[in-house]
Amino acid sequence: MATLTISPEEEKRVKALGFLSNKGTDNFSGRIITINGKISAQQMQCISEAANLYGNGVVTLTTRLTIEVQGIPFDKIEDFRTYLSKFGLVTGGTGSKVRPVVACKGTTCQYGLLDAFAISEEIHERFYVGYNTVKLPHKFKIAVGGCPNNCVKPDLNDIGIIGQMTPVFEEDCCNGCKKCSVETACPVGAAKVVDGILEIDEEACNNCGRCIGKCRFDAIEEGVPGFKIYIGGRWGKRIAIGKALNKVFTSKEEALDVIEKAILLFREQGKTGERFSTTIERLGFENAESQLLANDLLERKQEILDAKLHLVGGATC
């Protein structure tokens with residue numbers, strides 16, 4: 001068996017830089033942040049070259065849209081980071097703080113209702129970069145889904161955004177067709193003709209927008225774009241399904257503010273070592289929701305960030 005020479009202190013230090021120990025060796029996997037899973041061909045080439053120069057030539061993809069190069073010797077870590085920086089690539093993505101954002105491909109998909117790449121870049125800069133030094137009770141994961149197909153599982157993240165397109169129904173234009181093209185187009189059965197008029201069950205409708213433009217009599221020609229936000233999801237040893245806030249946000253700025261308020265709430269009211277879902281369970285969903293829809297947390301932002309909290313780590317889940 002190989003003799004390990006890296007001290008626990010040094011291992012902890014480089015883990016904070018995004019380098020995870022390869023079990024039973026003195027080598028590490030370097031975790032490269034892709035921002036949202038999108039990198040250029042030049043950056044991909046740089047990663048491949050770095051894997052051959054400093055690692056064992058193996059590149060792996062993580063479930064959180066980051067890239068890891070395996071087999072990097074401890075004494076080559078800084079050389080590896082310097083090489084990546086030539087093309088704007090950085091390592092990281094560990095620790096009890098905001099983690100790298102996960103996003104679907106958004107409007108390059110036929111179902112995409114929002115530009116998931118663009119909004120996730122904003123989230124990355126504002127919260128992953130902007131909050132990089134902010135200690136939280138535990139890791140905090142954010143996901144952006146372009147539509148209700150939920151490919152990136154927003155409701156299994158600490159906070160998740162889902163693109164919405166709320167249909168605008170012009171009842172006066174409805175002819176109550178026996179074979180309604182809107183009813184046929186609705187994938188969740190929310191639209192039905194009842195007593196000669198189309199009805200849309202708002203509880204069942206997931207605002208996917210698939211019905212818009214389907215009526216030959218122009219009963220649904222427009223939709224209102226927006227954002228649905230889930231809080232308190234978790235995937236891991238203990239699973240929790242996130243719950244949606246009782247509002248579809250039509251302003252991107254308001255939706256991003258809710259993310260920031262959630263981070264501030266977690267920092268201030270979460271107990272060290274617990275996930276955000278546990279914090280919400282302890283506080284109560286209605287309590288957490290009311291705080292996220294109000295402005296007090298943002299008004300006290302600097303006070304919350306300056307507080308000496310979560311200085312000693314230790315995950316409980």
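A crossing of two helices is left-handed if the near helix is turned anticlockwise from the far one by less than a right angle, and right-handed if clockwise. By that rule, α2 and α3 cross in a right-handed sense. Helices here are DSSP runs (H or I, at least four residues) and strands likewise (E, at least two), numbered from the N terminus.

The model is predicted: local features need pLDDT of at least 70, side-chain atom pairs count only at pLDDT 80 or more, and totals for chains, interfaces and linings use all residues. Residues are numbered from 1 along each chain as its sequence is written, and side-chain values use heavy atoms, with hydrogens and water left out.

**Helix packing**

Axes are lines fitted to C-alpha atoms, for helices over the stretch in contact, and angles run from 0 to 180 degrees between N-to-C directions. Helix α2 (residues 41-54) packs on helix α3 (residues 77-85) at about 160 degrees, with axes 10 Å apart. That makes the pair roughly antiparallel (over 145 degrees; under 35 is roughly parallel, 65 to 115 roughly perpendicular, the rest oblique).

Helix α4 (residues 116-129) and helix α6 (residues 252-269) cross at roughly 40 degrees, and their axes come within 12 Å. So α4 is oblique to α6. This crossing, of α4 and α6, is right-handed.

**Pockets**

A pocket is an open set of points on a 1 Å grid over the protein atoms alone, where a 1.4 Å probe fits, with protein on both sides within 12 Å along at least five of seven lines; lining residues have an atom within 4 Å of a point. Volume is the space filled by probe spheres set on the points.

| Pocket | Volume | Lining |
|---|---|---|
| Largest | About 840 Å³ | 33 residues |

Domain bounds come from an automatic or database domain assignment. The largest pocket lies between domain 1 (8-91) and domain 2 (102-165 + 226-306), because both give residues to its lining. Lys15, Thr94, Gly95, Ser96 and Arg99 lie nearest its centre. Helix α1 (residues 8-15) gives the most to this lining, with 3 residues.

The second largest pocket lies between domain 2 and domain 3 (169-221), since both give residues to its lining.
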